[in-house]
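Student: Could we go through this model together, one question at a time, with the cut-offs stated as we go?

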Amino acid sequence: MPSLVLTAPAKLNLYLEVLGRRADGFHDLEMVFQTLTLADVVEVTWEPGGMGTVCTCDDPTLPTGTGNLAWRAAEAFRVAAGLTGGLRVAVTKRIPHGAGLGGGSSDAASVLLALQRLTGAPLAESQLAQVALDLGSDVPFFLMGGTAHARGRGEILTALPPVVTSTLTVVMPPVVLPTPRVFSAMTDQERGPRPLRGAAWATQALQDLPSLLFNRLSDPAVRCCPEVGQVLEHLGRQGFPCLMSGSGAACFALGPVAVPPGWRSWTTTTGPGAGVALPS
Ligand code: C5P
């Protein structure tokens, strides 16, 4: 049975600016993404003689059917590629969900990359990118991973020179912050409009990583969930540059930080691009 095991890395947003509201209800964003060594593991099996799509997950609190982005990715690939047979997806979760670390999006992208390899790459790169975007704004980035500048909803991507850090600490208060809630909590002023700075600016700005760190969604997230503010204050007091990732609630510091009981934390560092295969 053709099978492939891939890592599905978490991401941080080293920079996230809201450029303005769009007619389709989304916002135009400018971001710098970075993948981490913190990663889920996704095993994908194609059973040419089988039927249906089955997803399993070691975290019993997560859905395994239509509510799971990895399951939806397998189904979307099946439709786009006209694939027949059975698909099995087994997800081992290490990335917290509702965190702004892109765990579900990364799992979905790994399913797409694995199926491309297992089935002889039936989708053109542009088709794969469209399937990814239809699944979610962060999914296209996870087809490439590494360090990237993103604009649009997050799908117009430019690879940037790799960022090498020593220890990064990711800290998560015991809350789940839904992305639409944070976008809805923005003030008119926070929504923009403001101009794009561009990939050349981001390449330059990465030379001094602490001064690049910025997230426009941080203030609305703190208004929705004061615990995010407490995490950022704690990290700042340790003397390391820190930021919330994505729409939260996870935050990170550029250094090794001890955290009080009640907050989960992960020691990690910047990681490689997407589609890294593990022995099955
Ligand atoms: O694309 P995704 O499913 O990740 O988006 C979740 C929600 O986040 C959207 O429904 C929207 O409320 C908000 N969002 C946005 N602009 C973006 C990305 C997400 O307004 N570029």
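Tutor: Contact here means heavy atoms within 4.5 Å. This is a predicted model, in which local features need pLDDT of at least 70, side-chain atom pairs count only at pLDDT 80 or more, and totals for chains, interfaces and linings use all residues. Residues are numbered from 1 along each chain as its sequence is written, and side-chain values use heavy atoms, with hydrogens and water left out.

Student: Which residues does Pro-195 touch, not counting residues up to four places away in sequence?

Tutor: Pro-195 belongs to the loop between helix 6 (188–191) and helix 7 (199–205), where helices are DSSP runs of H or I with at least four residues and strands are runs of E with at least two, numbered from the N terminus. Pro-195 lies 9.5 Å from Val-18, C-alpha to C-alpha, although 177 residues separate the two in sequence. With the neighbours up to four places away set aside, the residues that Pro-195 touches are Leu-19 and Glu-30.

Student: Is Pro-195 buried or exposed?

Tutor: The classes rest on relative accessible area with a 1.4 Å probe and protein chains only: buried is under 20%, exposed is over 50%, and partly exposed is in between. Pro-195 has a relative accessible area of 67%, and therefore counts as exposed.

Student: Why is the pair of Tyr-15 and Phe-214 tilted?

Tutor: A pair of aromatic rings is described by the distance of the centres and the angle of the planes. Rings of Phe, Tyr and Trp (its six-membered ring) pair if their centres lie within 6.5 Å, with planes under 30 degrees apart stacked, over 60 edge-to-face and the rest tilted. The search of the whole structure finds four aromatic pairs; in the one formed by Tyr-15 and Phe-214 the centres are 6.0 Å apart, and the pair is tilted because the planes stand at 40 degrees.

Student: Which residues of helix 3 are buried, and what covers them?

Tutor: In helix 3 (residues 125–135), the buried residues are Leu-128, Val-131, Ala-132, Leu-133 and Leu-135. What covers these buried residues includes helix 1, helix 2 and helix 4 (139–142).
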